[in-house]
Structures are given as structure tokens and as C-alpha cells.
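Please take a moment to look at the sequence and the model side by side before reading on. The paragraphs below go through them step by step.

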Amino acid sequence: MNWVWIGSNLDLIWGRILEHLALSAPPIVIGFLLSIPLGYWASRSKTARSVLLTLGGILYTIPSIALLVLVPVTLGFAILNPLNVVLALTVYAVAIMVRSAADAFSSTSRDVLSSATAIGFSRAQRFFQVELPLAGPVLLAGLRVVSVSTVSLVSVGSVIGVDSLGSFFTDAFQRQFPTEAIVGIVAILLIAALFDVILVLIGRVLLPWNRTRRAAPARAYLRPVGSS
Amino acid sequence: MIEFRDVSKVYPDGTHAVKDFSLVIPARQITVLVGSSGSGKTTLMRMINRMVDPTAGTVEIDGQDISKIEPVQLRRGIGYVMQNSGLLPHRTVAENIATVPRLTGVSRSDARKRALELMDTVGLARNLADRYPSQLSGGQQQRVGVARGLAVDPNILLMDEPFSAVDPIVRDELQQEVLRLQKELAKTIVFVSHDIDEAFLLGDEVVVLEQGGHIVQKGTPEEILAKPANDFVATFIGADRGKRRLTISDTASRGDDRVLVDAGGYPVGVIAAPDGRLAVAHPSPKSRSVSNKTDQAGDA
């Protein structure tokens, strides 16, 4: 471990961390947003479910380096354009997230949905006010997996020349200099942990009811009628 | 007043859930649709708020054909209480009760104020307002369900086996609560049940249904008890097993009360007999709030 190298390259490390963040956050967000309508569709139709989930499975098995080369070739971006990495990682994010989203929407109780309709929610109101929040816990669980996976996959971009913390790995390999690799790994772990903490906190704020679910029912709060 | 006119519901696979059903449900009283599963009772109820649309015939509310009313608007004007309460697990008790007023644009604070009042109405302590449904007992959840059904002060309240999943003692309480509320509020209540004792307790009018929504008998509980239309009804109400034929026990007595036994000799209740003379009851819907002890004994 070469501490001197770390001390004298703090700017470089910080820059790579920012690059890594900039490459990993968009695929997570875009992948999540795209998966919601797709997952909802998959939860409503058996055909859609089998097609989308199979497709997701196939996409996920494409090796990441192959995908990173395929994206610029098929879409015509310059090979060094960071958009290639963002797009490729979005594909992976959707591939994982569609299944979670489909499960999330399938997990909501039919009784609750039918009673929501029966008391007068319109379709859009029911989706945004009932189905989406109730799918929240399972969506969040899926998103946490996507987040970790994306943060680690970003480093593959360095192979095609898109800089991120992954560039420390290629560099360390070429220079036989393990310190760089260790710095890269630690920084990636920290980013993954940071994203995870952020997601959990967002979940706490948006899904406060989820924490009380398994709490014991309150008895002894019934008061006799008429004794107001 | 709700009127079914020659209503049928055929599902795409050809099953007749309901066939040529006609019924007038009078306003401001409790009508219980009772029958076993497959009798179409829930389908019929769900036609009133267009959760199910009939394949033939019309349903009218106060003379208006409801197929002409937009379903979402229609449903917001009709209270609906279902089994397992159907509460929104991600909203607190007060938010659940305030759901429909909020959908129709009532302000948050007004809706909450009204929700708290409704909690009083249905006998829920206000300190439960900010709890989530999962933190309540089954009986409390059903009370929240009833409060939510009443939130827009609807003329019509649909109750789809609301108490079938709670234990007998709580069910008893909730049934009494419905009778008490009905005395105060006088809604047009359509109540679906598979439990004939519940039907007799709550119903001003009871409609006994057979497969496919066929009305076997319709009348007050007294009429049905006195003259079951056929063997099916007799079996359904338990008359054939002697459950309904009570005699005064010679041996057991309690002060001025005489113990009643059914045909099997099981004690099922007591009857007031001051100075050895039987008290004569004049049943009327408004005075019916005695607890019906025969049901538990009969089911045991």
C-alpha cells in the first residue's frame, strides 16, 4: 500500500469519484423510471410478463464488454462517449428492475385494490395513490440491488476508455501497482454504501407505514360507545 | 330506492352468475341478501356501484338508470364496506376515513376533522387516528371500514359480508353497532351475508337467494321464520333441524324468566314471564336491539 501515492493524488481520486457518481446515478434513476411502466404491464398481463422477463434475462446475460461495444456501434455514438456506458448500464438496470417491479405490483392485495376502485378511485388515482406506494417496499428492495450492481459495473467502462474509478483497475494492472486497485475498490464500496443509505432513507420517508407492518395490533383502545 | 329490473349477468365462459333478477330495495332500511356461495349475492351488490355491469336488464337508483352514470362518480356517492375492511395499509386510520372526501376535493384539514367525528360515531377512540390499519385489531379495522363508508354521508351503504372474518363476540358488537347507527342515520343499507342469523338480526327485509340470484323468499325475518317458502329455506334457516322451534323448559327457570329449549333440548335463550305469564313482543324494526342469543347456541 503506497500512502504517498494516495496523498499526492487526492485530486485525481476525487475526480474519478465524481466521474463514477456521474456515470452510475443516471442508469439507476432512468432504469428505475423505465421499469415502473414495464413492470406494471408485466404484472397485468401474463404474456407481457413472460416476454418482458425473458427479454430482461437475455439482456442481462450479454457480457458487459460486448454491450459496451455494441451500444456505440448500433447507435452511432463515438466510442469514448460516456453516454455509451450510461445506456449500457441502463439496459442492465432495466433488465434486473423489471422483474422486481413486476413482483412489486403483483404483490399488492387484490382486496385492497378492488376496494379502492369500489370507493371511487379513478384508474390514475388508484395507480399513483394506491398501487405505486404499496409496491414501494418491493420496488425499493429491487432498486437497492440495481444500485449496487450499477455502481460496480460502471468500472467496466474504463476498458473502452470511459474514465471512472474503474480506470484505477486498468491502470493498476498495466503498471503492476496494487495501491490504485485498492483505492478503486474502497471508493466503489463507499459509493455503493452511500447510495444504499440514501435509498433506505428515502424509503423511510416515503414509506413510513412499512415499518409498522408487523407491529402487534393495538387492543384496549376501544372505548364504550357513548362515553365520549 | 334501488331497483333491479330483469338483471342478468353472464360471464364470457357462459356461467350465469345472475339470471332475470328483479327486486326493489326500499330506501332507509336494511335489506339483507343472504345465500350460500354461488347465489350471486355479491355480484348483485356489486352491480349497485357498477363494479359489475349486468349483461342484461337495468339497475336504477331513485329511478335513474345507473348505466348512464359515470362509475367513478357513482361509487364516490355510495358507501362501501367489505370483508377484511379493504383499508389502505399505507394510510393512517384518519387518512383512510378521509379518502373519498379527499378524492372529491375536500381540504385536508376539513377531511381530517370529519374523519375524527366519524371515529366518534363508530365508537373508535380518537387516539387511534394516526395509527396504521395493521396496528389495529380486526374489529377496530371493520369500524374504520364503516366510518370510511359513511365519510361522504351517502344515502346508500353497501356492506359485503363485513363481519364474517371477525370473531363471534366482536361480530356481535359490530352488528349491534350497525343497528344503533342505522337508528341514527337511516341509510339505505344493502347487506350481503351467508349467515342467516346475521340476516335475521340486521334485516328489515331479508332476501334469501339460491344459485344464480334466484329469489327463494323475501320478507321480514318474522315472515320467513313463520312460513319458510320451501324446504330450501327451511333448511337454510335451520327450521328443519328444530333449531327454530323453541319450547319453554319445565325444569329450568331463572326468577321470572323461563328458559327456552330447541327441539334437541338445548337451552337457547330465556323469555320474560312475570308472574308466570309470557310477555308478548310486538316486533318492529326500530325496537330491535336485543341481543340474539339463539345464533351462538344454534351454531354451537
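In which loop of chain B is B:Glu161 found? In this model, which is predicted, B:Glu161 lies in the loop that runs between β7 (156-160) and α7 (168-185) of chain B. The backbone angle phi of B:Glu161 is near 40°, which is a positive value in a residue other than glycine. Most residues other than glycine have a negative phi.

B:Arg28 has 13 C-beta neighbours inside 10 Å, so it counts as partly exposed.

B:Arg258 is part of strand β12, which covers residues 257-261 of chain B, and with 19 other C-beta atoms within 10 Å it is partly exposed.

Now step back to chain B as a whole. Chain B contains eleven helices and 13 strands. Its radius of gyration is 21 Å, close to the 19 Å that the globule rule gives for 300 residues, so chain B is as compact as a globular protein of that length. Taken along the principal axes, the C-alpha atoms of chain B fill a box of roughly 65 × 50 × 30 Å. Of the 300 residues in this chain, 42% count as buried, and among its contacts with a separation of 6 or more, 60% are accounted for by residues 24 or more positions apart.

Chain A has nine helices and zero strands, and its pattern along the sequence is accordingly written α-α-α-α-α-α-α-α-α. The radius of gyration of chain A is 22 Å, well over the 17 Å that the globule rule gives for 228 residues, so chain A is more spread out than a compact globule. Along its principal axes, the C-alpha trace of chain A spans about 80 × 45 × 20 Å. Of the 228 residues of chain A, 36% count as buried. When contacts in chain A between residues at least 6 apart in sequence are considered, 72% of them join residues at least 24 apart.

A:Met1 is found in the segment before α1 (3-8) of chain A. Leaving aside residues up to four places away in sequence, A:Met1 touches A:Thr179 and A:Ile182. A:Met1 and A:Ile182 are 181 residues apart in sequence, yet their C-alpha atoms are 8.2 Å apart in space. A:Met1 has 8 C-beta neighbours inside 10 Å, and it therefore counts as exposed.

How do helices of chain A lie against each other? Consider helix α2 (residues 10-44) and helix α3 (residues 46-61) of chain A, whose axes come within 6 Å and cross at roughly 135°. The helices α2(A) and α3(A) are therefore oblique to each other, and their crossing is left-handed. On the side of α2(A), the contact is made by A:Leu38, A:Trp41, A:Ala42 and A:Arg44, while α3(A) contributes A:Ala48, A:Arg49, A:Leu52 and A:Leu53. Sorted by class, this contact of α2(A) with α3(A) has six nonpolar, no polar and two charged residues.

Another pair is formed by helix α8 (residues 166-175) and helix α9 (residues 178-206) of chain A, with axes that come within 7 Å and cross at roughly 160°. Because angles over 145 degrees count as roughly antiparallel, α8(A) and α9(A) are described as roughly antiparallel to each other. The crossing of α8(A) and α9(A) is left-handed. Here A:Gly166, A:Phe168, A:Phe169, A:Asp171 and A:Ala172 in α8(A) meet A:Pro178, A:Glu180, A:Ala181, A:Val183 and A:Gly184 in α9(A). By class, the contact of α8(A) with α9(A) has six nonpolar, two polar and two charged residues.

How values were computed. Residues numbered from 1 in each chain as written. Chains lettered and ligands numbered in written order. Predicted model: local features only at pLDDT ≥ 70, side-chain atom pairs only at ≥ 80, totals over all residues. Axes fitted to C-alpha atoms, helices over the stretch in contact; angles between N-to-C directions. Helix = DSSP H or I, 4+ residues; strand = E, 2+ residues; numbered from the N terminus. Parallel < 35°, antiparallel > 145°, perpendicular 65-115°, else oblique. Left-handed = near helix turned anticlockwise from the far one by under 90°. Contact = placed C-beta atoms within 7 Å. Nonpolar A, V, L, I, M, F, W, Y, C, P; charged D, E, K, R; others polar. Rg over C-alpha atoms; globule rule 2.2 N^0.38 Å. Buried ≥ 20, exposed ≤ 12 C-beta atoms within 10 Å, placed from the backbone.
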